[in-house]
Amino acid sequence: MPGDNEDALPPPPPPPRTSLYEMITEDNRISWGDGSAPSLPSIDDDPRSDSDAMSITDSVRSSTMSLDSTLYNFVEENGRTYHKYKQGRYFLPNDPAEQERLDLQHHLFCITIGGRLNVCPLPEKPKRVLDIATGTGIWAIEFASQYPDTQVVGTDLSPIQPHYLPENCRFEIDDAEDEWAYSEPFTFVHGRALLSCFDDPFKVVKQAYEYLEPGGFIEFQDAIFPMDWIGEPVKESALYRWNELVLEGLKVLGRSWSNVVNYPRYFEEAGFENVVDRRYYWPTSPWAKGKYFKTVAMYFLEDMTVGVEGISMKVLQALGMKSDEIKVFCDEVRRDLADTNLHAYLTVSYIYGQKPLNKS
């Protein structure tokens with residue numbers, strides 16, 4: 001009855017948990033200086049003596065979300081599965097191992113910007129959001145959970161998304177380079193890790209502009225390939241050769257993974273204004289100073305260690321390399337990725353723009 005438990009003590013709060021996001025304090029984040037660009041990582045003179053990297057590793061390997069892996073009809077090659085819909089459009093696999101890597105990569109993108117899902121200044125309650133090339137759908141699901149009043153749509157060539165979703169989230173099998181045919185405009189169009197997805201990324205940007213409401217935002221989060229180095233690149237390393245061979249293979253295939261530097265121009269040419277390009281850096285291993293860079297590096301190292309073979313297989317086969325040869329080469333690349341004497345890093349851009357308010 002009412003009042004019976006008025007004097008009862010409330011249950012004790014759960015013990016505090018220190019998340020990886022909370023480990024990254026303001027002092028450990030990238031310094032923005034004048035606000036225009038973050039600083040490059042600096043080399044740790046003795047990276048092996050730092051316990052941060054070891055403690056971070058366990059967190060990295062236990063941080064991915066378990067997703068339903070029910071598959072439709074896929075194509076199997078080289079012991080991996082690939083999308084059946086528009087077969088061959090996307091070079092990377094879509095099997096459970098790749099899905100787990102994509103979920104880990106999601107955390108990497110979020111940790112880079114302090115645990116957030118985006119950097120553009122969205123309204124408090126966006127009406128409709130589109131996530132193109134959604135992959136496992138983890139970004140769309142988390143966005144839908146954070147914004148329960150927002151309708152979130154994720155599209156991809158592979159139906160690898162989970163079946164149990166927030167009520168305000170749904171997924172569709174679609175190619176973002178096809179003509180869009182949505183009945184209502186979006187407040188926000190998001191895309192991430194798109195460098196390997198499209199033949200004509202400007203077409204995708206232009207369609208996003210047409211299907212955004214006035215004042216709506218587009219944001220792409222993507223890597224600038226190939227990798228850069230602090231100091232002179234170690235050209236005899238497998239890692240350096242891998243970057244060069246991937247570029248050669250992509251040229252044979254007629255696809256470029258180097259369009260990310262053009263995104264700001266694509267945004268402006270499509271009609272977007274207030275375009276901002278924020279660049280961050282992912283060291284290949286914990287060779288860089290500071291907990292922020294060591295955290296980012298351990299995520300990126302795990303991402304590449306798991307993903308390098310899937311990234312490489314079809315691209316290097318275009319150069320005539322056999323699958324067994326590629327696997328051996330990828331083992332050499334993995335060793336180089338973990339070598340703290342090789343000071344390579346990947347530049348990652350978070351680029352957004354706004355559709356003018358006076359445009360329909």
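I'm working on a predicted model, where local features need pLDDT of at least 70 and side-chain atom pairs count only at pLDDT 80 or more, while totals for chains, interfaces and linings use all residues. Residues are numbered from 1 along each chain as its sequence is written, and side-chain values use heavy atoms, with hydrogens and water left out.

**α5 and α7.** I looked up helix α5 (residues 201-210) against helix α7 (residues 263-270): the angle is about 40° and the axes are 9 Å apart. Helices here are DSSP runs (H or I, at least four residues), numbered from the N terminus. Axes are lines fitted to C-alpha atoms over the stretch in contact, and angles run from 0 to 180 degrees between N-to-C directions. The pair is therefore oblique (under 35 degrees is roughly parallel, over 145 roughly antiparallel, 65 to 115 roughly perpendicular, the rest oblique). On the α5 side I noted Pro201, Phe202, Val205, Lys206 and Tyr209, which meet Tyr263, Tyr266, Phe267, Glu269 and Ala270 of α7 (contact: heavy atoms within 4.5 Å).

**α6 and α9.** Helix α6 (residues 238-253) packs on helix α9 (residues 323-337) at about 125°, axes 8 Å apart. I therefore log α6 and α9 as oblique too. Ala238, Leu239, Arg241, Trp242 and Leu245 in α6 meet Phe329, Glu332, Val333, Asp336 and Leu337 in α9.

**Cavity.** Which residues line the second largest cavity? I found Leu194, Leu195, Phe198, Pro201, Ser256, Trp257, Ser258, Asn259, Val260 and Tyr263 (cavity: points on a 1 Å grid over the protein atoms alone where a 1.4 Å probe fits but cannot get out; lining residues have an atom within 4 Å of a point).

Notes. Helices (H or I, at least four residues) and strands (E, at least two) are DSSP runs, numbered from the N terminus. On a 1 Å grid over the protein atoms alone, a cavity is a set of points where a 1.4 Å probe fits but cannot get out, and a pocket is an open set with protein on both sides within 12 Å along at least five of seven lines; lining residues have an atom within 4 Å of a point.
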